[in-house]
Amino acid sequence: MSGVLMSSQADCPSGWVLNDNKCWFFSDLQPALSWTAAESMCQQNNGHLASFATVEERDWVVDKNLKRKDLTRWWIGLNDIQVEETFVWSDGTPYDPAVSNWKPLEPNNAYLENCVEIWIDNDFPPVNDKQWNDRNCDGLNGYICKRDTGTQSCSMTIFRHYAWLDWRNSFRLLQQTSVRDVIGVV
Ligand SMILES: [Ca+2]
Ligand SMILES: [Ca+2]
């Protein structure tokens, strides 16, 4: 037996988290990046800085992910770079103000602020927890990327297989690779 499995299972690249049929990436503390550099990093991985289409997505990001990290400030894709006070998501998702979660008095464009961050407040009790702030795009933050699962429908998933052949009267182990997905494979 040998070969590869054509998989149609929704999947994410290594280091990304699957949620609601999207893949999400949460950066480490270092290197902190400007908004533009962070968006570029996400695009290099076929994504964009994170957008939130629903309140559930928005709160899942904070409640299930960011609170485990020491970092407190995270770039998301929202920005008003093109037109002041007209906010758009970098991945083209329509901006729904009902999904927004601004801190009080934000966005305020206080220091030419055209990029949006989630700013986790570590005060106890939490104050304005998981809410948003517009910040100067050159500020250095962690970042969150989001992408479609997509490409796995045509990808080949390598699974573990041993192929023993009788060659010159001896058996030879030809290949041994790691188990990834053997569902449906006999
Ligand atoms: Ca602004
Ligand atoms: Ca601000």
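Note on the source. The model is predicted, so I keep in mind that local features need pLDDT of at least 70, that side-chain atom pairs count only at pLDDT 80 or more, and that totals for chains, interfaces and linings use all residues. Residues are numbered from 1 along each chain as its sequence is written, and chains are lettered from A and ligands numbered from 1 in the order in which they are written.

Overall. I read the order of elements from the N terminus as β-β-β-α-β-α-β-β-β-β-β-β-β-β. Of 186 residues, 23% are buried (20 or more other C-beta atoms within 10 Å of the residue's own; exposed means 12 or fewer, partly exposed in between; C-beta atoms are placed from the backbone). I then took contacts (C-beta atoms, placed from the backbone, within 7 Å). Among those between residues at least 6 apart in sequence, 67% join residues at least 24 apart.

Helix α1. I asked which residues of α1 (35–44) are buried, and found Trp35, Ala38, Glu39 and Cys42. They line one face of the helix, because seen down its axis they fall within an arc of 100 degrees, the arc being that of the directions from the helix axis to the C-beta atoms. An α-helix has 3.6 residues a turn, so residues three or four places apart point the same way. Ser40 and Gln44, on the other side of α1, are exposed. The cover over the buried residues of α1 includes β4 (48–49), β5, β7 (115–119) and β9 (142–148). Just after α1, I noted a positive phi of about 65 degrees at asparagine 46.

I listed the contacts of alanine 50, leaving out residues up to four places away in sequence; among them are Trp24, Val61 and Lys146.

Asparagine 65. I located asparagine 65 in the loop between α2 (55–64) and β5 (73–79). Asparagine 65 counts as partly exposed because it has 15 C-beta neighbours inside 10 Å. Its C-alpha atom is separated by 7.8 Å from that of phenylalanine 26, 39 residues apart along the chain.

Technical notes: Helix = DSSP H or I, 4+ residues; strand = E, 2+ residues; numbered from the N terminus. Contact = placed C-beta atoms within 7 Å.
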